[in-house]
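Work through these exercises with the model open. Try each task before reading its solution.

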Amino acid sequence: MFARRLTAVGDDDFGRFLLAMLKGNDVNISHIAVLPETRSGMSVAISDDEGDYGAVIVSGANLHADQSQLTDAALWKDSRILVLQNEMPEAMNIAAARAARSVGAKVCLNAAPFRPLSAEFKALIDVLVVNAIEAEQLSGLSVSDLASARDAAELLAKQFETVVATVGGDGVVGVTEGAPAILIPALPVTLVSTHGAGDVFVGTLAYALAGDAAFCESLKIANRAAAAHVAAPKVA
């Protein structure tokens, strides 16, 4: 399997850097538009001494991605899973989800940054991935540990086929329709930084699910990948 990325970047230095990094990591960039006189989207992270971080997201060119790209049959060839996130406009996400479903691919939404989801979009999501804050905002329940994350995930599972809630250093909860919740504690590591952990988790989870790994095993694989990431030295 290999990854394709559909989005837009600006014709700025950051856009060129992003394209070079993706290409260098064997990501197909043929469906990424370069928009003239537009700034590339970015997430500005602010880390503390304990390794936790917050982020300010500027969507930039992401807001101007062209839905017509979705009609290219080459984009969906052999596709198994589509990963979406909320830095793209919901209309774009809905169009992409419909296109993915038309070829039998699953749709996974990493609901970050948080925003309310329309009923139309909810109906197209097979796997919802949220962190503790997003789980709280979507469910209305307080989430502070695995037990409360399980409650929130079970409530959200009434709307989505599969729900995954990550709870930082506590671990991850997974709920699928009609099955008991799966609670996986975080692996003990020496924390360097949590920056990017969610992206690593979601990407690894999607890859495992696309490879037909069982749901529980997919959660464990993604949990291990995220643990390795937060413990890895970061390049300044």
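**Exercise 1. The pocket**

Which residues lie nearest the centre of the second largest pocket, and how many residues line it?

Solution. Keep in mind that this is a predicted model.
- Step 1: Count the lining. The second largest pocket is lined by 14 residues.
- Step 2: Look to its centre. Ile81, Lys106, Val127, Glu161 and Leu209 lie nearest.
- Step 3: Sort the lining by class. The second largest pocket has 6 nonpolar, 3 polar and 5 charged lining residues.

**Exercise 2. Helices H7 and H8**

Find how H7 and H8 are oriented to each other, and which residues make the contact.

Solution. 
- Step 1: Locate the helices. H7 covers residues 197–210, and H8 covers residues 215–231.
- Step 2: Read the geometry. The two pack at an angle of about 150 degrees, and their axes are 8 Å apart.
- Step 3: Apply the cut-off. Angles over 145 degrees count as roughly antiparallel, so H7 is roughly antiparallel to H8.
- Step 4: The crossing of H7 past H8 is right-handed.
- Step 5: List the contact. H7 supplies Ala197, Val200, Phe201, Thr204, Leu205, Ala208 and Leu209. From H8 come Phe215, Ser218, Leu219, Ile221, Ala222, Asn223, Ala225, Ala226, His229 and Val230.
- Step 6: Sort by class. The contact of H7 with H8 has 13 nonpolar and 4 polar residues, with no charged ones.

**Exercise 3. Threonine 204**

Which residues does threonine 204 touch, leaving out those up to four places away in sequence?

Solution. 
- Step 1: Threonine 204 is in helix H7.
- Step 2: Find its partners. Threonine 204 touches Ile221, Ala222 and Ala225.
- Step 3: Compare sequence with space. Threonine 204 and serine 218 are 14 residues apart in sequence, and their C-alpha atoms are 8.0 Å apart.

**Exercise 4. Helices H5 and H6**

Work out the orientation of H5 to H6.

Solution. 
- Step 1: Locate them. H5 spans residues 132–139, and H6 spans residues 146–156.
- Step 2: Read the angle. The axes cross at roughly 50 degrees and come within 10 Å.
- Step 3: Conclude. H5 and H6 are therefore oblique to each other.
- Step 4: H5 passes H6 in a left-handed crossing.
- Step 5: List the contact. Ala135, Leu138 and Ser139 of H5 meet Ala152, Leu155 and Leu156 of H6. By class, the contact of H5 with H6 has 5 nonpolar, 1 polar and no charged residues.

**Exercise 5. Backbone exceptions**

Where is the cis peptide bond, and what is the phi of aspartate 26?

Solution. 
- Step 1: Most residues other than glycine have a negative phi, and most peptide bonds are trans.
- Step 2: Find the cis bond. Alanine 112 and proline 113 are joined by it, with omega about -10 degrees. Proline 113 sits in the loop between strand S6 (106–110) and helix H4 (119–122).
- Step 3: Check phi. Aspartate 26 has a positive phi of about 60 degrees, although it is not a glycine. Aspartate 26 is in the loop between helix H1 (13–24) and strand S2 (32–35).

Notes:
Residues numbered from 1 in each chain as written. Predicted model: local features only at pLDDT ≥ 70, side-chain atom pairs only at ≥ 80, totals over all residues. Heavy atoms only, no water. Axes fitted to C-alpha atoms, helices over the stretch in contact; angles between N-to-C directions. Helix = DSSP H or I, 4+ residues; strand = E, 2+ residues; numbered from the N terminus. Parallel < 35°, antiparallel > 145°, perpendicular 65-115°, else oblique. Left-handed = near helix turned anticlockwise from the far one by under 90°. Contact = heavy atoms within 4.5 Å. Nonpolar A, V, L, I, M, F, W, Y, C, P; charged D, E, K, R; others polar. 1 Å grid on protein atoms, 1.4 Å probe; cavity = no way out; pocket = protein on both sides within 12 Å on 5 of 7 lines; lining within 4 Å.
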